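This report describes one protein chain, from its overall form down to single residues. Please have the sequence and the coordinates open while reading.

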Amino acid sequence: MSDTAGRTVGSVFDAVEDRTDTSGGRCGPAVLSIDVELFDQTPAYRSAAGTTDQQGIGLDGLAWFRETLRDRGANTTCFVVSSLADPYPDAIGSLADAGFEIASHTRSHELLSELSADRRRGELRDSRERLESLTGQSVTGFRAPAFDITDDHFALLAETGYGYDSSVIASRAIPGWYGGEYDLETPARATAIDPDAPADVAELPASVMPGLRLPLTGTWLRFFGPRYTALGMRLLARRGIAPVLYVHPWELVGLPNVEGVPSRVYYHTGEWMREAVEYILDQPFDFVTARSVIEASLPDWAPATAAVDGHRET
Ligand SMILES: [Zn+2]
């Protein structure tokens with residue numbers, strides 16, 4: 001994406017923002033979730049030729065995100081790669097201490113479609129158990145790395161104790177990213193995605209720009225800018241839909257140069273992205289957990305919850 005394209009998109013926003021002005025009113029709930037993984041766990045780094053010796057790339061971004069939301073009284077859901085709980089128990093535990101919802105983003109951040117069914121089951125079960133024992137919170141939510149799920153996904157989620165999924169995005173087809181197979185934009189029973197899904201599993205899809213059908217966050221936020229994301233949030237709110245957004249800790253720090261990592265991964269990371277997150281948090285939305293949006297949308301949804309003691313490991 002060139003800067004020229006970015007400016008063109010910007011002038012489109014000027015025209016449309018005038019028509020979505022809410023004149024100071026609140027727009028309702030929104031979810032600015034965080035997928036808690038480090039730079040060396042991303043598919044882009046794992047498939048690159050080069051490496052870095054730097055450890056914990058993203059932890060500073062995670063701490064900044066936690067403090068920024070807490071200072072503003074905002075809540076969120078943290079989809080956590082549970083293998084981080086071993087080297088960094090305090091970084092993960094402090095998210096629960098801040099009052100945020102803890103959910104799973106697998107144990108290892110491997111792409112689920114590249115694993116056997118047994119390994120997928122292990123990724124789901126082990127990460128939930130580890131996060132529950134660390135934080136003392138019941139973990140009911142799950143998001144797959146790269147929104148990559150398999151045909152047995154919802155059955156495995158139910159079997160391993162989850163109540164909801166947030167691994168679907170109603171994006172148009174983008175070769176190398178998404179297949180464009182979903183059109184779900186609101187919280188629903190997972191049967192809306194897969195008729196064979198267990199009835200008690202819910203789905204909270206990540207948001208796309210109405211009409212354009214490109215994701216509102218991730219790479220598209222960093223290329224189009226936070227006004228793009230904020231405009232999409234308002235357009236969704238006008239249709240009664242709570243926007244569901246996501247960021248990554250490694251987007252919030254300066255990244256080391258690693259041979260073979262695509263330049264798009266570096267684009268607008270670090271300070272630029274922190275300012276973008278603050279811009280989003282300045283929008284007139286109530287930032288809440290993923291779980292609370294599902295509960296409000298599906299009043300009779302009652303996921304099974306394992307008994308946990310409510311105390312964080314020390
Ligand atoms: Zn991820």
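Which residues of strand β3 (residues 101-104) are buried on one side, and which on the other? Glu101 and Ala103 are buried on one side, and Ile102 and Ser104 on the other, so that both faces of the strand are covered. A residue is buried if 20 or more other C-beta atoms lie within 10 Å of its own, exposed if 12 or fewer, and partly exposed in between, with C-beta atoms placed from the backbone. In a regular strand the side chains alternate between the two faces of the sheet.

The model is predicted: local features need pLDDT of at least 70 and side-chain atom pairs count only at pLDDT 80 or more, while totals for chains, interfaces and linings use all residues. Residues are numbered from 1 along each chain as its sequence is written.

Strand β2 (residues 77-80) runs parallel to β3, and four bridges join them; strands pair if DSSP finds at least two bridges between them. Phe79 has Ala103 in β3 as its bridge partner. Between β2 and β3 the chain passes through helix α4 (residues 89-97), in a right-handed β-α-β crossover. Right-handed means that, with the strands pointing away from the viewer, the path from the first strand over the helix to the second runs clockwise.

The protein chain has 11 helices and nine strands, taken as DSSP runs (helices H or I, at least four residues; strands E, at least two) and numbered from the N terminus. Its overall values follow.

| Property of the protein chain | Value |
|---|---|
| Radius of gyration (over C-alpha atoms) | 19 Å |
| Buried share of the 314 residues | 44% |

The largest nonpolar core has 81 residues, of which Val31, Val36, Cys78, Val80, Ile102 and Val201 touch the most other members. Helix α8 (residues 226-238) gives the largest share of this core, seven residues. Such a core is a set of buried Ala, Val, Leu, Ile, Met, Phe, Trp, Tyr and Cys residues joined through C-beta atoms within 7 Å.

Leu184 is in the loop between β5 (164-165) and β6 (188-189). Leu184 counts as partly exposed because it has 15 C-beta neighbours inside 10 Å. Its C-alpha atom is separated by 5.9 Å from that of Ala170, 14 residues apart along the chain.

Technical notes:
Rg over C-alpha atoms; globule rule 2.2 N^0.38 Å.
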